[in-house]
Amino acid sequence: INWYEAIAYCNLLSSKEKLQPYYNVSSSSISIRKNANGYRLPTEVEWILAATNGKINVNLSDKNCWYNGNSGGKSQPICKRAKNENGIYDMYGNVYEWCWNRIKSSGYDISLEGGEDPKGLLTGFLRVIRGGDIVLNEELCTVTNRSKRQPTNDDILGLTGVRIVRLIK
């Protein structure tokens, strides 16, 4: 799934459940409806907090991560590994997951300090992916693994997926 397909899926699922879609999509841009109650991609900080429960040094092992040494070279069904401290399955390895944020070509561009959830850069083309995938070694399928892809990247190997979120008020 590419980033644009992930955005379309969020809006489709929101409409199907009679929620206000989170994204305004036009032929030239995608923007957010700040107070919408529909589904959306997590920001990078939200993804990190869901993966870590606020602890960056998460102990990963064969029991909670799909990687090149135990996946058989293909993505695996969900919920077949141990859940994390937040009760969430499959945050590490298996497939990378799209985030809302844009990313610089190099360097780190967000801060996790201050209790805010930065939405990332306002301009740029590349988008953040987190978590790792089944072609990586176990030690690379971590909460600190951060990479980037073009949002139009049609991942023929099936190594990029989506985890959606919804704010419940």
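Modeller: Helices, of at least four residues, and strands, of at least two, are DSSP runs that are numbered from the N terminus. Please keep in mind that this is a predicted model.

Biologist: In which loop does D90 lie?

Modeller: Going by that numbering, the place of D90 can be given by the elements on either side of the loop, and one of these is the helix α2, which covers residues 44-52. The other is a strand, so D90 lies in the loop between α2 and β3.

Biologist: Is D90 buried or exposed?

Modeller: A residue counts as buried when its relative accessible area is under 20%. The relative accessibility of D90 is 10%, and therefore D90 counts as buried.

Biologist: And K18, is that residue buried or exposed?

Modeller: K18 lies in the loop between α1 (3-16) and β1 (23-25), and its phi is near 60°, a positive value in a residue other than glycine. To count as exposed, a residue needs a relative accessible area over 50%. Because K18 has a relative accessibility of 76%, K18 counts as exposed.

Biologist: Which side chain does the side chain of E97 join in a polar contact?

Modeller: E97 is found in strand β3, residues 96-102, and is buried, with a relative accessible area of 4%. Leaving aside neighbours within four places in sequence, E97 is in contact with several residues, among them W47, D90 and R163. The polar contact, at 2.8 Å, joins the side chain of E97 to that of R163.

Notes
Residues are numbered from 1 along each chain as its sequence is written. This is a predicted model: local features need pLDDT of at least 70, side-chain atom pairs count only at pLDDT 80 or more; totals for chains, interfaces and linings use all residues. Side-chain values use heavy atoms; hydrogens and water are left out. Buried means under 20% relative accessible area, exposed over 50%, partly exposed in between (1.4 Å probe, protein chains only). A polar contact is a pair of N or O atoms within 3.5 Å; within protein, one must be able to donate a hydrogen and the other to accept it, and residues adjacent in sequence count only if both atoms are side-chain atoms. Contact means heavy atoms within 4.5 Å.
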